Structures are given as structure tokens and as C-alpha cells.
Amino acid sequence: MDKFLQAAIDEAKKGIDEGGIPIGSVLVIDDKIVGRGHNRRVQNGSAVLHAEMDCLENAGRIKASDYKRATLYSTLSPCDMCSGAVLLYGIPNVVIGENKTFKGPEEYVKSRGVNVKVMDNQECINLMGTFIKNNPELWNEDIGV
């Protein structure tokens, strides 16, 4: 198991433990985690705190040259909003735990030069599958359906 994907999974579990949606993310630069986050829309009553956005917020201000060396890990395929942040900051690598339960604009992100790697991680698939089955309304709210 990739240690950084495991860190994102640990973040996802924090989200579910807090009564939120089990999606986690970490930002890695030079083999070091510089930001961690999990989906906190429910917990904070937020419209935008998806895991990747929370992670980037928690990483704080980062130089453009540092983003160019970064990898964003997410337990779930990033949505349009989170993919937009990847493109805005020029993050060149995204590692996705799974894209079976939800697939964001991966092809578009790739067309913009981002290296996208999908791990098909069973734990990520199980976390989301169980959550979606048990909380369909909350899930649909999170993805804007």
C-alpha cells in the first residue's frame, strides 16, 4: 500500500467518524506530506470543503514552484471544482484511490498535462460504496445532483 494513499484513507476515515463524507486527500511535495484534509462540508456547513479543497487550505500558501513538484492524493476521483484547483495551481500529478463510485473530469485533466494515476483501491471503493448506499441524499448533495 502506498503510504500517501494510506494517509488519504486515514483522512477519509476521520471524515466518516465526524459524521461527514469519507473522502480524504493529502498534498505531497518532495516525498513529504505538506497538507492533509477530508471532506468537511457537513461538519462545517460548507459549500466548498471537499477533501482536496480542505487539503489545499490546510497546506497554506505555497509557491508556484513548489506546486510544480507536488502530487495530490485523493481517495476519490476529484470533481470539477477540485480538478480546477489542480489546474489552477499547476499540480502535475494526481493519484486517485478509486473512480468506480464517482469519476470526475479525469480525461480533461489529463488533456491539460496532468499525470493521473487511478489505484482501484478496494478500501476506497468500499468506503464510498457503503456511504453512498446508506446516505444517498447527502452524497447527491455533495456532488451537486
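This is a predicted model: local features need pLDDT of at least 70, side-chain atom pairs count only at pLDDT 80 or more; totals for chains, interfaces and linings use all residues.
Reader: Why is the pairing called mixed?
Author: Look at the pairs one by one. β1 and β3 pair in the antiparallel sense over five bridges. β3 and β4 pair in the parallel sense, also over five bridges, and β4 pairs with β5 (residues 115–118) in the parallel sense over four. Strands count as paired from at least two bridges, so these pairs pass the cut-off. With both senses present, the sheet is described as mixed.

Reader: What makes a strand an edge strand, and which strands are they?
Author: An edge strand pairs on one side only, and that holds for β2 (32–38) and β5.

Reader: How do you know that β3 is largely enclosed?
Author: Buried means under 20% relative accessible area. Seven of the seven residues of β3 are buried, so the strand is largely enclosed by the rest of the structure.

Reader: Which helices lie on the sheet?
Author: Helix α1 (residues 3–17) lies across β1, β2, β3 and β4, and runs at about 25 degrees to β2. Helix α7 (residues 122–134) also packs on the sheet, where it touches β3 and β4. The direction of α7 makes about 65 degrees with that of β4.

Reader: What makes a β-α-β unit here, and which hand does it have?
Author: β3, α5 and β4 make one such unit, and it is right-handed. β4, α6 and β5 make a right-handed unit as well.

Reader: Which residues of α5 are buried, and what do they pack against?
Author: In α5 (residues 80–89), the buried residues are C82, S83, A85, V86 and L87. They pack against α3 (51–59), β3 (70–76), β4 (93–98) and α6 (106–111).

Reader: Why is M81 called partly exposed?
Author: M81 has a relative accessibility of 28%, so it counts as partly exposed. The label covers values between the cut-offs for buried, under 20%, and exposed, over 50%. M81 is in helix α5 and touches V48, H50 and M53, leaving aside residues up to four places away in sequence. M81 and H50 are 31 residues apart in sequence, and their C-alpha atoms are 8.8 Å apart in space.

Reader: How do α3 and α5 meet?
Author: Their axes are 8 Å apart and the helices pack at an angle of about 35 degrees. E52, M53 and L56 in α3 meet M81, C82 and A85 in α5. The residues of this contact divide into five nonpolar, no polar and one charged.

Reader: What makes up the largest nonpolar core?
Author: This core has 18 residues, and L27, I91 and V114 touch the most other members. β1 (24–29), α3, β3, α5 and β4 each supply at least two of its residues. Another core lies apart from it, with twelve residues, among them A7, V26, V28 and Y73.

Reader: What makes the phi of D30 and of D31 worth a look?
Author: Most residues other than glycine have a negative phi. D30 has a positive phi near 55 degrees, and D31, also not a glycine, has a positive phi of about 65 degrees. D30 is in the loop between β1 and β2, and D31 is in the loop between β1 and β2 too.

Reader: Why are they called exposed?
Author: The cut-off for exposed is over 50%. D30 has 53% relative accessibility, so it counts as exposed. D31 has a relative accessible area of 55%, so D31 is exposed too.

Notes
Residues are numbered from 1 along each chain as its sequence is written. Side-chain values use heavy atoms; hydrogens and water are left out. Buried means under 20% relative accessible area, exposed over 50%, partly exposed in between (1.4 Å probe, protein chains only). Contact means heavy atoms within 4.5 Å. A crossover is right-handed if, with the strands pointing away from the viewer, the path from the first strand over the helix to the second runs clockwise. Axes are lines fitted to C-alpha atoms, for helices over the stretch in contact, and angles run from 0 to 180 degrees between N-to-C directions. Ala, Val, Leu, Ile, Met, Phe, Trp, Tyr, Cys and Pro count as nonpolar, Asp, Glu, Lys and Arg as charged, and the others, Gly among them, as polar. A nonpolar core is a set of buried Ala, Val, Leu, Ile, Met, Phe, Trp, Tyr and Cys residues joined through side-chain atoms within 4.5 Å.
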